[in-house]
Amino acid sequence: MDKFIIDGGEKLYGKVRVHSAKNTVLPLLAASVLTDEQVKIHGVPAINDVENMLHILSEVGCVIKRQKDCAVIDSSNAVSHEIPTRLTKELRSSVFMLGSVLTRFRRAKISYPGGCDIGLRPIDLHLSGLKKLGVEIVEKDGYIHCSAERLQGAEILLDFPSVGATENIILAAVKAAGITVIRNAAKEPEISDLQRFLNAMGAKVRGAGGGTIVVEGVERLHGVDYTPIGDRIEAGTYLIAAASCGGEMEIEGVPAENIAALLHKLRENGCKIHTKNDKIELYSDGKLKSVNLVETMPFPGFPTDLQAQYSALSATAKGATLVVENLFETRYRYAAELKRMGADITVRGRAAFIRGVEKLHGASVTAGDLRGGAALVVAALRAEGQSSVMDLSHIDRGYAEFEGTLRNLGAKIKRVRI
Ligand code: EPZ
């Protein structure tokens with residue numbers, strides 16, 4: 001198991017070019033089985049979630065080539081409709097494979113992905129949407145068996161704008177007979193990226209980014225060579241670190257509108273932010289004032305995936321901050337660890353009340369999930385003295401070259417094998 005040793009108190013200066021977004025690369029990889037021609041995706045980050053998804057593709061029979069930061073997938077010999085259990089446990093987002101495997105093979109078998117570190121994460125909206133498209137679903141012995149003589153377009157209204165359910169339904173509808181309309185669809189930029197990717201393969205998807213998506217089924221899809229959007233959560237994590245520690249940072253590869261809710265809060269905290277095309281420049285003196293309230297919401301609201309990192313920033317902002325996590329049930333596991341560093345944070349259900357303190361002190365803390373782990377790094381970079389952040393397996397799921405990028409920005413951080 002690895003840990004980070006961090007000597008806090010350094011300001012951060014420099015440029016960061018983000019990788020292709022984890023939460024867009026994963027559904028794009030799932031979509032690559034929709035064609036038997038070659039699919040090439042650029043900027044693919046070397047992170048565990050992506051490696052697991054590539055394993056799943058190879059286990060269903062795809063041939064994968066990793067060329068530098070590209071992934072080349074040839075699924076002409078894909079034969080299995082069974083998504084391997086051990087990898088489904090490793091990677092919840094393997095559930096995205098349901099829609100594309102059903103489109104390819106008219107049947108799919110997946111073990112129940114179950115909950116994870118941040119909540120129950122049911123898939124009822126995925127399954128009810130697939131049923132509307134004519135999929136027979138039998139849940140037995142912890143497996144979900146899906147079959148569809150033919151996939152038939154349908155009108156689907158999502159009770160909640162679920163990102164994964166929206167993506168799964170699109171993947172099952174792209175070659176269905178007729179038209180599918182998805183109302184109350186998720187509006188995240190990753191959905192618009194999936195739409196662009198599929199249309200580049202010859203699909204007919206429109207409306208992503210708005211609440212209603214229309215998919216007109218087509219006969220076949222062809223190969224594609226594609227560069228996904230930049231990772232807005234990776235960008236947001238580095239911006240929060242620079243805001244909290246103080247310094248100057250330029251992020252490349254993410255348009256400001258993809259993290260407008262965060263930038264709005266950071267300006268309220270007292271940061272100076274200039275944006276142009278896909279560049280975001282931030283200047284902070286490290287002496288931030290708190291905002292009163294941050295509520296996580298589906299896009300374009302404040303992203304739940306930046307809640308933990310922003311709470312770490314709020315721990316040393318002057319004043320009090322009420323954080324409300326509306327998306328997931330248990331996304332405050334990092335709070336107890338922040339308290340070990342001297343943070344004044346009280347959690348009650350979905351709310352966390354944070355009273356800013358003068359300073360945090362170094363401590364030995366343990367990551368409990370991906371974004372909570374990133375939050376502990378943000379706090380350790382700001383804290384006085386030395387911290388160690390344990391169990392980096394969570395962080396390694398979603399951040400490529402994390403410590404190297406931070407070191408290039410002036411942070412005193414190193415990875416140690418224990
Ligand atoms: C995606 O997860 C992201 N993962 C998550 O990022 C992100 O936090 C989340 O969207 C919200 O933005 C990927 O894209 C791989 P949801 P997903 O379905 O699709 C409830 C990270 O850190 N729900 O939009 O699982 C669910 O319980 C990860 O990178 C149902 O009730 O999120 C949750 O409360 C974490 N039934 C809410 O919707 C369903 O069938 C949002 O979930 C599906 C979801």
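Modeller: Before we start, domain bounds here come from an automatic or database domain assignment. The model is predicted, so local features need pLDDT of at least 70 and side-chain atom pairs count only at pLDDT 80 or more, while totals for chains, interfaces and linings use all residues. Residues are numbered from 1 along each chain as its sequence is written, and side-chain values use heavy atoms, with hydrogens and water left out.

Colleague: Thanks! How is the protein divided?

Modeller: Into domain 1 (2-19 + 230-417) and domain 2 (22-218). Their C-alpha centres lie 30 Å apart. Domain 1 puts 24 residues into the contact and domain 2 puts in 19 residues, where contact means heavy atoms within 4.5 Å.

Colleague: And what area is buried between domain 1 and domain 2?

Modeller: About 1800 Å², with carbon and sulfur atoms giving 53% of it. Buried area is the accessible area (1.4 Å probe) that two parts lose on being put together, summed over both.

Colleague: How many salt bridges between domain 1 and domain 2?

Modeller: Two, counting a side-chain nitrogen of Lys or Arg within 4 Å of a carboxyl oxygen of Asp or Glu. Arginine 232 forms a salt bridge with glutamate 190, and their closest N and O atoms are 2.8 Å apart.

Colleague: Switching to the ligand, which residues come nearest?

Modeller: Asp124, Leu125, Ser162, Asp305 and Leu327, out of 23 residues around the ligand; a residue counts if one of its heavy atoms lies within 4 Å.

Colleague: What about arginine 371?

Modeller: An N or O atom in the side chain of arginine 371 is 2.8 Å from a ligand oxygen atom. For lysine 22, a side-chain N or O atom is 3.0 Å from an oxygen atom of the ligand.

Conventions:
Polar contact = N/O pair within 3.5 Å; in protein donor to acceptor, adjacent residues only side chain to side chain.
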